[in-house]
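Here is a short report on one protein chain.

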Amino acid sequence: MRNYLKFFLRRLADQKYHILFFFIFSVFIFFALPVPGERLKGEGSFRIFSQEGNLLREFCSPEGNHSIWIEIDDFPEELVKEVIRAEDKRFFIHCGFDPLAVLRAAMQDIRHRKIVSGGSTITQQFVRVAYRDILPSDILLKKICEIILAVKVEFHYPKKRILECYLNRIPLRFNQKGIPSAAQRIFGRDVRFLSREEQAAIIVLIRENQPSRESFRKRMSNILSETGNKSFSTGEIEKKVFSLSGYSYNNENSYTPHFETFLKSVVRSGSGDIASSISNNLNRHISAIINSELKFITPYNVENCSVVVLKLPEKGGTKTDLVAMVGSQNFHGKISGQVNGCITIRSAGSTLKPFLYGYSMDKLGYRPYTILNDTPLSISAGDNVTYTPKNNDMTYWGPIPLREALACSRNIPAIDIVNKAGVENFYLFLGECGFSHMKREPSYYGPGLALGTGGASLLQLARAYAGIANGGVLLPVYIGRDDNGDDILFGRGGKILTEASAYRLIHILSDREARRRAFGRRNFLDFPFDVAAKTGTSKDCRDAWTVGFTDKYVVGVWVGNFSGEQMNGVSGGWGAGRIFHQVIRLLTMKENPVFSFPDSFNKVRFCRRTGKIAGENCPFNMELADSSDSFPGVCNSCKPGDAYGIAFYAASGKAEILSPVQGESFIIDPMVSLKNQLVPLKISTGDKKGDANSYFYRIDNGGIVSLKGNVEKNLDLKKGRHRIEIFRNTETIQAVEFSVE
């Protein structure tokens, strides 16, 4: 052994052997280096499946063809055997190339004086496809490289894996890659359900991709005869093989075309199967709602509508699911149907106000009961220019609590707040909330940023509102999962608001009573269950928005014209609100969603005039008060009768108990006179117009009192549980239970 080693070292020192040793070493390294899995599998079609598991659309691969990958065990056993018999009989015994087949091919080529047979094995054919980008163009050199690479592939992978790659990647007719894809394209069915005749047709196409009809019939007959199939018909098979039409890569029943193109733009790899979050059924129902409701507003110069629906996660979840995306009324419509209104940036109107007020609560110490001024305001915009904002109704309400300023979407208080908070600070905050499209400096947008001048897309708004619904935590939007099991997400997560501010915003946006001063008694944001919602209307009514949520879903609706043409007085509350209402009803079905708030919050009455804790004579709002809040003291400036004249609005046209609210607790303070601790009773007559013969109310087990008009008085009640009921004739239409402790 020692002598052999000395001999090797002496030869290695000899320069004339350097090239030989270098060649041997290079060959060893070449065969030792692994074959990348990506090289074996390649890039297939990009297929999108719905939440229900239905194929929505198939895009061609980056190579420009269509491919479906299935495991080797999912191929019909008879088909695999026939492919091996037809293409490479000794596949399981050779090392990548078959010397006997090469010799046979060489003899045939010499006899015919031209190349009539190549003798390529299945592995060589596969290598020809997998290494197409690096193989030389010279025929002889190419064949040598094929053999070398085939041996290398056989060295690193088992026969079964190589056969699987071959069956899934072999080029076939109609720009198909692999037998599964060809079976779908030619015969319209899964490869597992092909007949023996259809299997034979596929095998013919492996050898001759573009056969003549005569050649096709002859080869197919030979294959079927050799398998013992004596009775067969090739007419219908031939018709499908040579047909150029009749197949679509789009699901004709898909109602998600905008989502499909959106997902394709998000996923950059361009291949693989995506199990998406989108519901084709839900999109179908929403499309029907859009088509129905647009009939009512089309006369007001309205052409289109877009809807986004997100499903909120369970508590502690890390993402929201995109379950519906309808980008336009009709994707195939003549009026910009393929424009996806869900991702288009438009003037956002008042839809950004909740984030401004949430920011003011966290950074400026504001609370829902903070009194703001809805009075004439002028702000210097530089260069001797003065900005004078106006409210939509061109009126001023004077001092109002923040709750009413937000719920009724007053412009002047919002401009005042953004001016105090700083336009740049709010601009940066909006970026944290996912509105990252604004690339100009903050001064370009100015105070109008509070009124949506920076713009937003419907998907951005829905995601940001989901952050409010999720306790102030902005989550990425889940839109699907790829072949590797990795989530496909839109946007990044992060904390945008404190939990306390988020819950206060939910409480305000779901306050039907607070918004009625601006929206009237009957509006599309009224529901018999909890829904937080905000509308927005851009300048000159070019964009109308409604965005809101229940405890499970976020819904965003945009109505307008993709051309930017002005609508005829269509507001967010009326134009988008009607569609929003129908979508919420669709999502909730027979459920009655209810918002729940942490135990650290208590409901406290605050005076609507002063922002202090309400006294006996104060008009008031019920506010969520956190245990850490420092209260501004009790209001003692309101006089008897001050609470009167505050508008009463019922949730419907029926009579309604406005105070007390269900489950409210009144705590008796032993240090305060009992006469100053009475329970305020407020009952609205709604639209009944004093019909004393129909409506009555009763406190506990007391007598039944005719409801002749709005009721507002203070009740002296003892400690314990109490109940107030409203009757219509003998039917109880509302009952409220509360306690005095």
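A nonpolar patch is built from residues with over 30% relative accessible area and no salt bridge, with nonpolar side chains joined within 5 Å. The model discussed here is predicted.

**Surface patch**

Which residues make the nonpolar surface patch? F30, L140, L141, I144 and I148 form it, over about 430 Å². Helix α7, residues 139-156, is the main contributor, with four residues. F30 sits in helix α2, residues 18-32. F30 is partly exposed, at a relative accessible area of 30%.

**The chain as a whole**

The protein chain has 741 residues, and 50% of them count as buried. DSSP runs give 23 helices and 29 strands. The chain exposes about 36,000 Å², with 52% of that area supplied by carbon and sulfur atoms. Take the contacts between residues at least 6 apart in sequence: 67% of them join residues at least 24 apart.

**Cores**

In soluble globular proteins, nonpolar side chains tend to be buried together. The largest nonpolar core here holds 83 residues. F259, L263, L310, L322, F355, Y357 and F435 touch the most other members of that core. Helix α20, residues 458-469, gives the most to this core, with eight residues. There is also a second, separate core of 50 residues, with W69, V127, A130 and F187 among its members.

What does L310 touch, beyond residues up to four places away in sequence? Its contacts include T320, D321, L322 and V323. L310 also touches L459, A462, R463 and A466. V477, K552, Y553 and V554 complete the list.

**Helix α4 and its cover**

Helix α4 spans residues 77-87. Its buried residues are L79, V80, E82, V83, I84 and E87.

β3 and β5, the latter at residues 176-177, run parallel and are joined by two bridges. Within this pair, H66 lies opposite Q176 of β5.

Definitions and conventions. Residues numbered from 1 in each chain as written. Predicted model: local features only at pLDDT ≥ 70, side-chain atom pairs only at ≥ 80, totals over all residues. Heavy atoms only, no water. Core = buried A, V, L, I, M, F, W, Y, C linked by side-chain atoms within 4.5 Å. Buried < 20%, exposed > 50% of the residue type's maximum accessible area, 1.4 Å probe, protein only. Contact = heavy atoms within 4.5 Å. Patch = residues over 30% accessible without salt bridge, like charges linked within 9 Å, V, L, I, M, F, W, Y side chains within 5 Å. Areas by Shrake-Rupley, 256 points an atom, 1.4 Å probe, with all protein chains shown as cover. Salt bridge = Lys/Arg side-chain N within 4 Å of Asp/Glu carboxyl O. Pairing = 2+ DSSP bridges.
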